[in-house]
Structures are given as C-alpha cells and as structure tokens.
Amino acid sequence: MAIRNLRYGDDEILRKVARPIETIDEKIKILAQDMLDTMHKYEGVGLAGPQVGILKRIIVIDLYEENTQYILINPVIKKAKGEQIVDEGCLSFPNQYGKVKRPKTIVVEALDINGKKVKVEGKDLLAQALSHEIDHLNGEVFVYKVEEGTLETITEQENKK
Ligand code: NI
C-alpha cells in the first residue's frame, strides 16, 4: 500500500491525453492498488492515472456502497444518454466546486485488473464519475466544463464551519 502524490491545478500532465495500457503487468497492478489507496485517503469517488502523474488510461472509482469499487483499464464510452446537472469537485482542484452537465446514463467497456473485458452500466453518480474520470484520460478537467458562473472556491476555513 502506498499513497501517491496528487497532481494539482495547473500541472501540465492534467491537460495531456493518456496512453493506452498494453500489458497489465505487476507495475500496473501496484499502480491500481496505490490509486485506490490514494483515492480512499482523500475520500474521493474517483481518480485517474494522470492525477498521480501516470499518463496511462486507468481509472478507479468507489461510490462507497456495496459493489461500487472499480478499477478500469483503457475505458471507452460506448453509450451516453440523457443529461444531469450535478455538483462536482475533483481531487486535483481541492476546494473548487461547480455545476457540470453529465450524461444521466453511460455504458463503458474496459479491461479489469485481470485483463478481462468488462462492461459497466452507470446511472446518476456512477455515470457522472465515469464521465469525469474518462475526461481526465483525455486531458479534460471539470473546471473548464462548469456551467457559467457556478465555479466556487471554498476556503479551508469556510469548509470547517
Ligand atoms: Ni477529477
């Protein structure tokens, strides 16, 4: 178990397109576990490779309910339907929040940690998380997607109120 350093805000790696993973070797398995540990430490619901400085197409998600933890390698959005306007934040932009338009339902195909093909059908929060994390793999960050005038910065002190 290891906590990786997070990349923040203006870090260039967050604006780059991540590369597909060709072999799920021991290094990738350790990376996946570290990403889960890092996400859990900071109480996030999702984390993408570039956020820990690894420009590879891997995401992890945990909605903190039964059977809602995912490690997805080379995820591809196959279907996205409907829309929802949701409050959003990101571990790479601590204290920033805004409203973002996300699909209401989404179907993603990916490989799991054993290299097996998996299909994940998400709605509501899972659809939002999948969309947000896959955006990271394409160098897209939520602060550029927020509905006009909704981006807020909440300082630590206000958070503690
Ligand atoms: Ni994020």
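This is a predicted model: local features need pLDDT of at least 70, side-chain atom pairs count only at pLDDT 80 or more; totals for chains, interfaces and linings use all residues.
Biologist: Let's take Arg-4. Which residue does Arg-4 form a salt bridge with?

Modeller: Its partner is Asp-34, with the closest N and O atoms 2.8 Å apart. Arg-4 sits in the segment before helix H1 (26-41) and Asp-34 within helix H1, so the pair ties together parts that are 30 residues apart in sequence.

Biologist: And is Asp-34 buried or exposed?

Modeller: Asp-34 counts as buried, at 6% relative accessibility, while Arg-4 is partly exposed at 23%.

Biologist: Where do Lys-99 and Asp-87 lie?

Modeller: Lys-99 is in strand E5 (residues 96-102) and Asp-87 in strand E4 (residues 84-88), twelve residues apart. They form a salt bridge whose closest N and O atoms are 2.6 Å apart. Asp-87 is exposed, at 58% relative accessibility, and Lys-99 is partly exposed, at 35%.

Biologist: What parts does the pair of Asp-124 and Lys-104 tie together?

Modeller: Asp-124 belongs to the loop between strand E7 (117-123) and helix H2 (125-137), and Lys-104 to the loop between E5 and strand E6 (105-111), so this pair connects parts 20 residues apart in sequence. The closest N and O atoms are 2.6 Å apart. Asp-124 is partly exposed at 29% relative accessibility, and Lys-104 is partly exposed at 36%.

Biologist: Which residues do salt bridges with shared partners join into one network?

Modeller: Glu-88, Arg-102, Asp-135, Glu-140 and Lys-145.

Methods
Residues are numbered from 1 along each chain as its sequence is written. Side-chain values use heavy atoms; hydrogens and water are left out. A salt bridge is a side-chain nitrogen of Lys or Arg within 4 Å of a carboxyl oxygen of Asp or Glu. Helices (H or I, at least four residues) and strands (E, at least two) are DSSP runs, numbered from the N terminus. Buried means under 20% relative accessible area, exposed over 50%, partly exposed in between (1.4 Å probe, protein chains only).
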